[in-house]
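Hi there,

Here is the structure I promised to pass on to you. Have a look at it first, and then read my notes below.

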Amino acid sequence: MFTGIASYLVFFACVVLILGIITLGLNLQWGFTGLFNAGIVGFYAIGAYTHAILTAAPQPQYLGNFGLPWGVGVLAAMAVTALAAWLIGLVTIRLRGDYLAIATFGIAVSIQLVTLNWEPLTGGSQGLSRIPKPLAGVFDSPLAFNLWFLCLLGALTAVIYAALERILRSPWGRVLRAIREDETAAVALGKSARRFRLEAFVLGSTLMGLAGALYVSFIGFVSPFDFLPIVTFQVWAMLIVGGSGNNRGALLGALVVWAIWAASGVVVSKLVPPSHAAQGAAIQVILIGLVLVLVLLYRPRGLIGEKAVVSRHAGD
Amino acid sequence: MIRTALLCACLLAAGPALAQSCPVKIGGVLPLTGSMAPITKKIAQAAELAIEHINQGGGIKGCPVQFILRDDQGQPTVGVDAAKYLVEVERVPAFTGTISSGITGPIIASVTAPSKVVQITCCSTASTFTLDGRSGGYFFRTIPTSKTQAYATASETVRRGFKKTVVIYVNTDFGTDMVRFYKAAATKLGGEVIAEVPYNDNQPSYRAEVSRALAAKPESMLLVGFPKDAVTIVREWLSLGGTRNVALNNSMRTMDFVNGVGAKFVEDFFGMDNAQVAGPHVDAFNKAFEEKFKTDSKGPGVHTQYDALMVMALAMNIGKDLSGPSIKDSVRLVHVANGSPVGTGPAEFKKAGELIKAGKPIKYFGATGPIEFDANGDVTGPALVWKIKDGQIVTDRVISIEEMQALFKRVGN
């Protein structure tokens with residue numbers, strides 16, 4: 001019983017950390033730079049498919065499936081996502097606020113449709129299976145593999161968190177916040193807002209691509225159903241609930257929102273008899289919405305919002 | 001220290017075999033909300049009925065069965081999480097689900113196959129699942145794959161003299177499989193596919209797709225998709241002057257479709273489904289379903305979901321214990337060539353239980369007919385041609401298992 005719960009929690013934690021990495025990417029874009037990226041799932045998909053196409057075991061009917069090592073897949077996923085984000089950024093980054101949101105949303109939907117229709121490369125709606133899990137031969141029980149993957153994810157998340165904290169405290173990070181608060185003032189000080197916005201956009205999207213690669217190598221399967229717009233909405237909910245502009249808030253938000261999603265399902269299945277499972281499921285969806293609304297009503301800046309610091313020396 | 005560790009390891013290894021505690025749990029994941037929800041309602045009811053019959057018929061290994069059903073919301077991460085919870089925390093030794101192949105796939109890859117849990121689905125037809133060897137033999141389905149339906153459709157359209165056929169299909173694994181297999185079979189049998197037009201679901205209009213199909217000057221159409229979009233497509237097809245030689249797939253065998261388009265417009269349209277072969281076992285199921293839910297048992301996945309759970313329960317009773325490998329090896333023993341025939345309903349399940357206890361082989365005839373799994377975990381089955389007559393859905397004819405086998409030989413696998 002306890003090994004079962006532990007095993008489930010390890011699995012759950014892996015999913016949370018993968019979602020957490022995406023949320024950190026969005027936090028860099030929205031929380032610090034004010035870029036309204038509504039196409040998160042598009043970059044996530046590019047990373048996921050790059051990794052899957054490079055690492056999946058060869059099959060004659062597919063163009064890809066090169067069977068390359070895991071590390072190559074992950075690095076390539078980041079590189080390809082960065083390149084895609086840079087190209088997309090070049091044409092869209094001048095757009096402000098909701099205009100950028102509409103553009104990126106459209107691009108994400110297009111990317112999902114490409115994965116659905118470019119069958120020889122992506123497997124289309126059949127998806128790509130036979131994606132190797134890293135060191136699955138060494139850790140051959142599900143719990144052992146998930147534990148090892150959790151350690152890997154934990155280490156990666158720690159590195160990403162530390163690196164983000166570091167660069168956001170640097171002059172580069174201060175420019176991002178300056179742009180977010182008042183772009184005209186930042187430009188007046190001689191900063192190229194466009195360049196900084198593009199850099200933040202590419203860097204944040206690269207993290208989303210990394211998360212995509214991690215997700216498919218954790219699950220071992222990828223299909224276009226993984227990249228519906230609902231994922232974008234979930235990640236936004238995580239950032240807003242956790243606290244936009246705070247990296248710890250982003251990670252906490254991923255945990256809290258995904259826990260609400262999973263726990264509400266458990267609660268409903270415990271309380272509602274199977275004969276009313278359909279009604280119970282509808283209640284679950286209502287519950288999720290209700291909790292999100294309550295959090296926002298009582299913690300409008302998120303669970304741990306951004307610290308309002310005028311200057312680190314102001315209190316001295 | 002080492003001894004303690006060994007003891008622990010032994011206890012852990014023996015855990016599932018020792019634990020013969022009541023009730024026996026069976027897990028399930030279905031899209032109870034989301035775009036599939038309208039189809040799922042009856043499927044979930046069929047599952048509920050199966051569990052009721054199993055319990056009235058003596059349960060599994062003398063224990064009552066507890067069915068834990070979770071919602072996947074049509075989202076892979078949600079479905080995988082629910083499946084993982086059922087397998088790890090609830091410790092279900094067997095699992096049924098789900099409908100969308102995009103969710104069944106990751107569940108096989110990351111939950112059931114690695115944990116050696118038997119998974120039987122009513123509805124996922126993606127051909128890769130049973131062919132790529134990833135499931136380790138733990139994945140079964142009671143729905144004939146798209147191939148059976150596609151071949152049967154091809155033989156029927158050719159029989160009815162369909163020429164210059166255009167195929168409009170939903171762009172999912174199901175749709176692409178259907179087109180691929182239909183085209184192969186129709187070409188072989190003397191038909192002709194002149195255009196293939198994919199569509200993406202949940203669009204307000206399909207004028208562009210229908211116009212593209214009509215541009216090929218077709219004399220007949222095969223429509224593969226789901227009822228809601230199909231209503232829109234057929235309306236646009238007819239209003240733009242498309243022919244009334246229209247063949248449909250199994251999902252359209254619902255009054256929602258007929259009434260959606262308007263009964264008089266779809267008169268004499270026909271379609272294919274997995275045959276609910278006539279026989280006492282099929283009637284017993286239909287009657288039980290109608291009595292309990294006050295609605296007919298027509299609809300995609302209803303009969304196959306019932307059989308998925310009945311097969312699972314029979315296999316759990318046949319296996320020496322409730323471990324995954326033992327259940328997996330028993331699944332093919334529910335329909336043995338020289339076994340005593342058993343059918344649907346609680347009394348028949350009880351009879352099967354007594355036969356199993358006496359060490360005798362059984363031969364299960366389910367709500368979809370004889371259930372015999374091939375080496376991949378797929379069923380082959382008879383098909384059924386239905387048509388719309390005076391605004392009602394009626395069975396036109398049944399293509400028997402023998403005819404299907406002959407057809408497969410003619411077309412070639």
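What follows is a short tour of what was found.

Please keep in mind that this is a predicted model.

Let's begin with chain B as a whole. Its secondary structure amounts to 15 helices and 15 strands. The radius of gyration of chain B is 22 Å, close to the 22 Å that the globule rule gives for 413 residues, so chain B is as compact as a globular protein of that length. Of the 413 residues in chain B, 59% count as buried. If you take the contacts in chain B between residues at least 6 apart in sequence, 71% of them join residues at least 24 apart.

Next, the place where the two chains meet. Here 37 residues of chain A are in contact with 39 residues of chain B. On the chain A side, helices H1 (2-32), H4 (97-117), H11 (247-271) and H12 (277-298) each supply at least two of the touching residues. That side of chain A divides into 21 nonpolar, 14 polar and 2 charged residues.

Helix H11(A) also packs within its own chain. The axes of H10(A), residues 230-242, and H11(A) come within 7 Å and cross at roughly 120°. The two helices are therefore oblique to each other, and their crossing is right-handed. Among the residues making this contact are Gln234(A) and Met238(A) of H10(A), together with Gly249(A) and Leu252(A) of H11(A). By class, the contact has 10 nonpolar, 4 polar and no charged residues.

Enjoy exploring!

Best wishes

Conventions: Residues numbered from 1 in each chain as written. Chains lettered and ligands numbered in written order. Predicted model: local features only at pLDDT ≥ 70, side-chain atom pairs only at ≥ 80, totals over all residues. Contact = placed C-beta atoms within 7 Å. Helix = DSSP H or I, 4+ residues; strand = E, 2+ residues; numbered from the N terminus. Nonpolar A, V, L, I, M, F, W, Y, C, P; charged D, E, K, R; others polar. Rg over C-alpha atoms; globule rule 2.2 N^0.38 Å. Buried ≥ 20, exposed ≤ 12 C-beta atoms within 10 Å, placed from the backbone. Axes fitted to C-alpha atoms, helices over the stretch in contact; angles between N-to-C directions. Parallel < 35°, antiparallel > 145°, perpendicular 65-115°, else oblique. Left-handed = near helix turned anticlockwise from the far one by under 90°.
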